[in-house]
Amino acid sequence: AAAAAKAAREAAEAAVREAEAKAKRMEEEAAAEAAKASKASVDVFAAAAETFGAPTPEPTPEPVKAMTPTPITGGKAAPKTRGERRAELVEATNRVKEELKTATDTKSVEERKARLLARLERNESLEVAVEVALIDKDPQLVTEVLQQTSNVVAASEALAALYRSDENRAAEVLMGLDAARGAEYLRLMVDQLNDADAASALVGAEEPGRVVAVAQFLLPYGARSVLYKGKELLALVAATSPEAAKTIYAGLEYTEQVSILRRLVLGLGQRPGSEDKEEGALSRTALVDAAAFGASKPDFDTAASLLSGMDAKKATEVLHRFRTRGVKSGSEKWQRRQDAVEEVQKVLSAKNASLAADVAGLLAKKKK
């Protein structure tokens, strides 16, 4: 009996010890889990503290690529004088006025948009320009129409005609169009429509030489007068038709030619701003789609290509104005321009050695 009692007592003690050990293990596991959870919470808080207030990175825009060139059909159009083009617009105006006498008044935006798109599909480019300039003066509407139409040749002719009817409205529409599509319209004006005058005038309207007061524009661009697009358009034209780009550039005024050259060789974007290299200054030089248009990367090749379409005297004048005007002789900005001119001359020499030699000779005679 005594042995049985002893065995029972020992079994009970063993059970107690096992229960205590199990309880201790459970406590240790719970403590470990608590410590792990606490550490994770601290890590999350630390990570949040490190990134608190940091700017959210914005996705880099895809580079703008030129449209696939529209095939030239029927050859290049015969040249027309300014008088002939004006006469065509007068005739189109008369046709539109006659139509309006019997046409049903269309009020909704969608109805007006459909009418303009249908006109373009019927190659009634001049009638579209007349409606936009004289009747339907909604710039956003015509921008959408020229952006969406599949008849790019007709749209190009309509934009050129709109320039002759209302230059400010045409410049505003071109500013609102996708850059690649706008550039294709400019290329077609030269390569198919034989209307380089309109193409040059439109590119010039996107550079500071012909910028008009913001009050004259209806679209809400904000600081429209400091938003440039001529260089971007011309670079895209040059990507598909270097000769068309040269022709357009040669038709610009000196002020516009220098502005485009400056932005090409200094890598400035659509809001050129300051050329100073002080901390923070460069942030003002290429704010609008800088990555998309390759801003901050000097493009000496395109600059030299455009100059190669001019005679030596005019090319020299563009380079001389760029290297001397608006800068103090001997300053860092001045030196940067001198270096840029030398780089352009090197590339120009590889493209047209004779022209480059003539330009170098003429530049040497001019005072820096």
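## Overview

The structure holds 23 salt bridges, a salt bridge being a side-chain nitrogen of Lys or Arg within 4 Å of a carboxyl oxygen of Asp or Glu. This is a predicted model, in which local features need pLDDT of at least 70 and side-chain atom pairs count only at pLDDT 80 or more, while totals for chains, interfaces and linings use all residues. Residues are numbered from 1 along each chain as its sequence is written, and side-chain values use heavy atoms, with hydrogens and water left out.

The secondary structure of the protein chain consists of 16 helices and zero strands; helices (H or I, at least four residues) and strands (E, at least two) are DSSP runs, numbered from the N terminus. Of the 368 residues in the protein chain, 41% count as buried. Buried means under 20% relative accessible area, exposed means over 50%, and partly exposed lies in between (1.4 Å probe, protein chains only). The protein chain exposes about 19700 Å², of which carbon and sulfur atoms supply 54%; accessible areas come from the Shrake-Rupley method with a 1.4 Å probe, and for residues only the protein chains shown count as cover. Among contacts between residues at least 6 apart in sequence, 74% join residues at least 24 apart, where contact means heavy atoms within 4.5 Å.

## The enclosed helix α4

Helix α4 (residues 125-135) is largely enclosed by the rest of the structure, because nine of its eleven residues are buried. The buried residues of α4 are S125, L126, E127, V128, A129, V130, E131, V132 and A133. Their cover includes α2, α3 (109-121), α5 (139-148), α6 (152-165) and α7 (167-176).

Helix α3, part of this cover, contains R112. R112 is buried, at a relative accessible area of 15%. Between the C-alpha atoms of R112 and V145 the distance is 9.9 Å, although 33 residues separate the two in sequence.

## Salt bridges

A network of salt bridges links E99, R115, R119, R122, E124 and E131.

E317 takes part in a salt bridge with R321, with 2.8 Å between the closest N and O atoms. About one helical turn separates E317 and R321, because they are four residues apart in helix α14 (residues 312-324). An α-helix has 3.6 residues a turn, so residues three or four places apart point the same way. The side chain of E317 also meets that of K366 in a salt bridge (3.5 Å, N to O). This second pair links distant parts of the chain, with E317 in helix α14 and K366 in the segment after α16 (353-364), 49 residues apart. E317 is buried, with a relative accessible area of 16%, whereas K366 counts as partly exposed at 31% relative accessibility.

## Surface patches

On the surface, E27, E28, E29 and E33 gather in a patch of negative charge. Patches are made of residues with over 30% relative accessible area and no salt bridge, like charges being joined within 9 Å and nonpolar side chains (Val, Leu, Ile, Met, Phe, Trp, Tyr) within 5 Å. Lys and Arg count as positive and Asp and Glu as negative, while His and the chain ends are not counted; the place of a charge is taken as NZ of Lys, CZ of Arg, CG of Asp or CD of Glu. E27, one of the residues in the negative patch, belongs to helix α1 (residues 2-51). E27 is exposed, with a relative accessible area of 57%.

A nonpolar patch on the surface is formed by L100, L134 and I135, which together have about 270 Å² of accessible area. L100 lies in helix α2 (residues 82-102) and is partly exposed, at a relative accessible area of 45%.

## Loop residues with positive phi

Most residues other than glycine have a negative phi, and most peptide bonds are trans. N123 is not a glycine, yet has a positive phi of about 65°. N123 is located in the loop between α3 and α4 and is exposed, with a relative accessible area of 53%.

N194, also a residue other than glycine, has a positive phi near 55°. The loop between α8 (179-191) and α9 (196-205) holds N194, which counts as partly exposed at 25% relative accessibility.
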